[in-house]
Amino acid sequence: MPAVFYGVVMALSRRAQVALGAGIAVLLGGIAGLALWSWWSWRHRPGREPAVRFRRVGAAVVAAGLVIIAVGAVWRTTVAVEHTPACAPPGGAQAATRSGPFDLSLVAQQAATWPETGIGLLYAQASGAHVCLSHAADYYVAVHAHNPAGARAMNLGDILLTPGFNISKDQLRTLIGHEARHRAQWAVLTVLGGPLAFPAAYGVDDFFFPGSRNHFERLAGLEAGGYAHVGTGPVLGPAQFAALGFLAAVIVGALLAARHRRASRGSRTGANTPDAGTDRRMTGGLTRDE
């Protein structure tokens, strides 16, 4: 399939390739992806195209990302048109239904996280989780004891994966508000950096600021999320120092590689300059002594 995708793209006109690339960049990387694509297009304008092997690898990665997004979007649409039972909070009573005017912000959040939610729904249903719809916050809840987050609840766009809630109705209502704020974070970062932006940013933040120190959890409300406040500063242990050292090594290596490439291009340019290496005493093919 990547080879077919690459062939189709290469068969398009230059203008069509740029338009298609910009659309794909937005889908995979949001605003940051579009900016990166614009830089890449300028850097590899006609006459400065990258090697074919690198273009094929890039096409394979893009094709894989588009397939995942398409599967998630189709599955999310399928679930949206089907009936999903409402979630029942402790005590058996139905959760409170949202009331009020049309919420444009909510619709925008759901649209921005549409493919990610589809992947979460697909995983939840494939693993045998019970999926229900929380009318209190208008998102899906998948109750499954073996979700990827273990014993913790985890948002995946517009769906919450959880091993279950053993809390009171009031605590559940508070927790629903906390998790709904994570959906807003998912949506904003998806627009800025693509579907993987939120999990990547959350993971990095949680690595240095675990638990209640995590900035995303603090913005969503620590008390509402059931977190005990234990501090705000980073946790710097052997793993964190090793990660920082690796990052510094990568940055230094990249700078040295860029410097080497510039020096190599300069050397090639000098070697290809007309009359390079010709004796400066030569005039019209004869020496001055002649």
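# Close-up views of the predicted model

Figure 1. Leaving aside residues up to four places away in sequence, Thr-190 touches Gly-30, Ala-112, Glu-116 and Pro-195, a contact being heavy atoms within 4.5 Å. The structure is a predicted model, in which local features need pLDDT of at least 70 and side-chain atom pairs count only at pLDDT 80 or more, while totals for chains, interfaces and linings use all residues. Residues are numbered from 1 along each chain as its sequence is written, and side-chain values use heavy atoms, with hydrogens and water left out. Thr-190 has 10% relative accessibility and therefore counts as buried (buried: under 20% relative accessible area; exposed: over 50%; partly exposed: in between; 1.4 Å probe, protein chains only). Gln-109 is 81 residues away from Thr-190 along the chain, yet the two C-alpha atoms are separated by 9.6 Å.

**Figure 2. Arg-183, a buried residue of helix 6.** The relative accessible area of Arg-183 is 3%. When residues up to four places away in sequence are not counted, its contacts comprise Leu-106, Gln-109, Gln-110, Thr-113, Ala-137, Asp-138, Tyr-139, Asn-155, Gly-157 and Asp-158. Helices (DSSP H or I runs of at least four residues) and strands (E runs of at least two) are numbered from the N terminus.

**Figure 3. The largest nonpolar core, with 17 residues.** Such a core is a set of buried Ala, Val, Leu, Ile, Met, Phe, Trp, Tyr and Cys residues joined through side-chain atoms within 4.5 Å. The residues with the most contacts inside this core are Leu-121, Ala-124, Val-131, Tyr-140, Ala-142, Ile-159 and Phe-198. At least two residues each are supplied by helix 5 (114–126), strand 1 (130–134), strand 2 (139–143), strand 4, helix 6 and helix 7. Helix 7 makes the greatest contribution to the core, three residues. Ala-142 touches Ala-124, Ala-129, His-130, Val-131, Ile-159, Leu-160, Leu-161 and Thr-162, again without residues up to four places away in sequence. A second, separate core has nine residues, among them Cys-87, Cys-132, Leu-160 and Ala-180. In soluble globular proteins, nonpolar side chains tend to be buried together.

**Figure 4. The second largest pocket, holding about 740 Å³ of space.** On a 1 Å grid over the protein atoms alone, a pocket is an open set of points where a 1.4 Å probe fits, with protein on both sides within 12 Å along at least five of seven lines; lining residues have an atom within 4 Å of a point. Of the 32 lining residues, Arg-152, Ala-153, Met-154, Glu-179 and Tyr-227 are the closest to the centre of the pocket. Two or more lining residues come from each of strand 3 (154–156), strand 4 (159–162), helix 6 (169–193) and helix 7 (197–208). Helix 6 gives the most to this lining, seven residues. By residue class, the lining has 18 nonpolar, ten polar and four charged residues.

**Figure 5. Ala-63 in helix 3 (residues 52–81), and Leu-236 in the loop between helix 8 (215–220) and helix 9 (238–271).** Ala-63 is buried, its relative accessible area being 5%. The C-alpha atoms of Ala-63 and Ile-24, which are 39 residues apart along the chain, are separated by 9.7 Å. Leu-236, at 46% relative accessibility, counts as partly exposed. Not counting residues up to four places away in sequence, Leu-236 touches Phe-208 and Phe-241. Phe-208 is 28 residues from Leu-236 along the chain, with 6.8 Å between their C-alpha atoms.

Figure 6. Along the sequence, the pattern is α-α-α-α-α-β-β-β-β-α-α-α-α. Of the 290 residues, 30% count as buried. Among contacts with a separation of 6 or more, 60% are between residues 24 or more positions apart. The chain has a mean pLDDT (the predictor's confidence in each residue, from 0 to 100) of 80, and 77% of its residues reach 70 or more. Confidence is lowest in helix 1 (residues 2–11), with a mean of 61, and highest in helix 7, at 94. Over residues 91–97 the pLDDT stays under 50, and the model has twelve contacts for this stretch beyond four places in sequence. Residues 282–290 also have pLDDT below 50, with four contacts in the model beyond near neighbours in sequence. Where pLDDT is low, the predicted coordinates should not be read in detail.

Methods: Points joined across faces, edges and corners; volume = space filled by probe spheres on them. Nonpolar A, V, L, I, M, F, W, Y, C, P; charged D, E, K, R; others polar.
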